[in-house]
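Student: I've got this model open and want to go through it quickly. Can we start with the loops?

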Amino acid sequence: MIIERANQEDFSSLKSLWSEVFSEDPVFLEHFFTVRFASEHIFVARKDGIIVSALHALPAQYLQGGTIKECSFIVGAATYASHRKQGIMGALLAAVKQAYNHPITLFPAVRPFYEANGYYTTSSVLAFPLEGIEASSAASIPMDIEHLDSHYRTEHALHGCLLRDRKAWGFLTEGYQTLCVQNGYAFISGGKAVETCASDETAAKELLALLASNAVTEVHTLENAFLTRLLDRKKAVPIPMGMSTDTSMQGVYIAEQY
């Protein structure tokens, strides 16, 4: 087994691996490999010259204490079923950690596996049932990426967050229903507002009313958020978020992104 970085000729093999392991939507897969493929940031395991496992360690940044710092964000960690439970993905994770002198981050599919490989959960959000909120007759305002990014950074100013470039915001807004108010937004999936940001109390009230009108039943938000003040804290359930190899990132918000 050889662990190494990918090369340009691996493009098709890596797409095939991702498609088979994740049963990926072809449109998303084509989009990801068009805008995010960078062989120098992809680590592969080869057996007899064939890629059997791989991961993408995307260059990323995070904001902490008012300072922007470098990190990597792992996506597409995949191994063919015939080669699982052989320690291959663990070896790939070790190779990534050794290759960089900055934190490696990810949003886990199987949290215990990454804990066993030296990753720590950096933060959590609170999940609230959306109850007793009067629905709004107002419509979501037009979405703007600068708007989203500004309120995202404001929401996470206290403890920090993984930053998103325009491509990352694009993946998120294409993958989630997005509702916006003047000073806030929400990403919705399966009737749940899985990410919410409101920069003031007025925006929090407007956003909750808009969510109620869209049949949202659950709201995920930060413990110190304006939204939390308007919901029943006694019914809140903590949900762990992303992970890092570096405990100095404790408190930094890390969510799924591409």
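Student: Is A215 buried or exposed?
Tutor: A215 is exposed, with a relative accessible area of 57%. The cut-offs are under 20% for buried, over 50% for exposed and partly exposed in between, using a 1.4 Å probe and protein chains only. This is a predicted model: local features need pLDDT of at least 70 and side-chain atom pairs 80 or more, while totals for chains, interfaces and linings use all residues. Numbering starts from 1 along each chain as its sequence is written, and side-chain values use heavy atoms, with hydrogens and water left out.

Student: Where does A215 lie?
Tutor: In the loop between α7 (201-213) and β12 (218-221). Helices (H or I, at least four residues) and strands (E, at least two) are DSSP runs, numbered from the N terminus.

Student: And what is the phi of A215?
Tutor: Positive, at about 60°. A215 is not a glycine.

Student: OK, over to K85. What is its phi?
Tutor: K85 has a positive phi of about 60°. K85 is not a glycine either.

Student: How many residues line the largest pocket, and which lie nearest its centre?
Tutor: The lining has 29 residues. Nearest the centre are F22, A77, A78, A109 and Y114. Lining residues have an atom within 4 Å of a point.

Student: Which elements supply two or more of that lining?
Tutor: Those are α1 (11-22), β4, α3 and α4 (111-116). β4 gives the most, with seven residues.

Student: What classes are in the lining of the largest pocket?
Tutor: There are 18 nonpolar, seven polar and four charged residues. Nonpolar here is Ala, Val, Leu, Ile, Met, Phe, Trp, Tyr, Cys and Pro; charged is Asp, Glu, Lys and Arg; the others, Gly among them, are polar.

Student: How much space lies in the second largest pocket?
Tutor: About 310 Å³. The second largest pocket is lined by 19 residues. R36, L58, P59, A60 and D165 lie nearest its centre.

Student: Which elements supply at least two residues there?
Tutor: β3 (50-64) and α6. β3 gives the most, with five residues. By class, the lining of the second largest pocket has ten nonpolar, four polar and five charged residues.

Student: Last one: V125. Which strand is V125 in, and is it buried or exposed?
Tutor: V125 lies in strand β7 (residues 124-129). V125 is buried, at 5% relative accessibility.

Student: What does V125 touch?
Tutor: Leaving out residues up to four places away in sequence, V125 touches H220, T221, L222, V237, P238, I239, M241 and Y253. Contact means heavy atoms within 4.5 Å.

Student: How far apart are V125 and E195?
Tutor: They are 70 residues apart in sequence. In space, V125 and E195 are 9.0 Å apart, C-alpha to C-alpha.

Conventions
1 Å grid on protein atoms, 1.4 Å probe; cavity = no way out; pocket = protein on both sides within 12 Å on 5 of 7 lines; lining within 4 Å. Points joined across faces, edges and corners; volume = space filled by probe spheres on them.
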